[in-house]
Amino acid sequence: TKRVVLRNVAVQPSPVQRELVAGLAERAEAVRAGSVPAEKDNMLLITNDGRKIALDQRLADPALPDFEGSKVNACCENVLRIWRDGAEERLTQLVFCDLSTPKGDGSFNVYDDLRRKLEARGVPEGEVAFIHDTDTEAKKLALFGKVNAGAVRILMGSTQKMGAGTNVQKKLVALHHLDCPWRPSDLQQREGRIIRQGNENNEVDIYTYVTENTFDSYLYQLVEGKQKFIGQIMTSKSPVRSCEDIDETALS
């Protein structure tokens, strides 16, 4: 049996992130009071902006500086260290991020930012790949082969594109949750990439990155609450007869 080590990495928000979060609270108040039409602003928009702000302040405004203490930078440090430590066996890593995926139009996104930083610090160009660059099934399978062989050692993708059917477990030693997905099943999908048969490592690490005092902690609590609720119904230890769909909750 594999030993799975869960590592939570909490970072402090930048002064700008704190300000932006306060702005979200004001917007939420206005929506609650009904003083803004739903098509102009609503809880789902605020929720999505909250997720972006927690990930990187430059997603609110690309002109903002790169905050040294951001979770993207914290993730970069961990990925780099694990990449160095596993050089001999050519161990591999997955980075999951559902927000700010690469558009290919030169606009700021977290994927390109992380890859640029890793390459600037010594990771060879071909060793970091995005699942988004594979537009056919054949290309995807070729990429998976490269990861299993340890030719590509850092693979980045979203739950949707890198979830079920992604068989790259052979040399995987670490998985990074850069953002929090909406559903408990998404977290299970992600972690099912590394916690599976055929992985040659006896111990694997799962890193979860949280920006404190932002939307992150709220979202993880929400997902945890959903998971407990689903678990209760599945094991039927409590007399729950019915449940409403809590999977799609936005910020109420």
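Phe67 is in contact (heavy atoms within 4.5 Å) with Gln12, Pro13, Ser14, Gln17, Gln57 and Asn73, leaving aside its neighbours within four places in sequence. Phe67 sits in the loop between H2 and H3; helices here are DSSP runs of H or I with at least four residues, strands are runs of E with at least two, and both are numbered from the N terminus. Phe67 counts as partly exposed because its relative accessibility is 24%; buried means under 20% relative accessible area, exposed over 50%, partly exposed in between, with a 1.4 Å probe and protein chains only.

Before going on, the conventions. This is a predicted model, in which local features need pLDDT of at least 70, side-chain atom pairs count only at pLDDT 80 or more, and totals for chains, interfaces and linings use all residues. Residues are numbered from 1 along each chain as its sequence is written, and side-chain values use heavy atoms, with hydrogens and water left out.

On confidence: pLDDT, the predictor's confidence in each residue from 0 to 100, averages 90 over the protein, and 90% of the residues score at least 70. Over residues 247-252 the pLDDT is below 50, yet this stretch has 18 contacts in the model beyond near neighbours in sequence.

Now the helix pair. The axes of H1 (residues 15-33) and H2 (residues 43-55) come within 10 Å and cross at roughly 175 degrees. Axes are lines fitted to C-alpha atoms, for helices over the stretch in contact, with angles from 0 to 180 degrees between N-to-C directions. H1 is therefore roughly antiparallel to H2, a label for angles over 145 degrees. Residues making the contact include Leu20, Leu24 and Val31 of H1 and Leu45, Ile46 and Ile53 of H2.

Next, the cores. A nonpolar core is a set of buried Ala, Val, Leu, Ile, Met, Phe, Trp, Tyr and Cys residues joined through side-chain atoms within 4.5 Å. The largest has 30 residues, and Leu55, Val95, Leu114, Leu118, Ile154 and Leu178 touch the most other members. H3 gives the largest share of this core, 8 residues. Beyond four places in sequence, Leu114 is in contact with Val72, Cys75, Cys76, Val95 and Met156.

Last, which residues have a positive phi without being glycine? Ser100, at about 55 degrees, is in the loop between S2 (92-96) and H4. Asn213, near 55 degrees, lies in the loop between S6 and H8 (215-235).

Definitions and conventions:
Angles under 35 degrees count as roughly parallel, over 145 as roughly antiparallel, 65 to 115 as roughly perpendicular and the rest as oblique.
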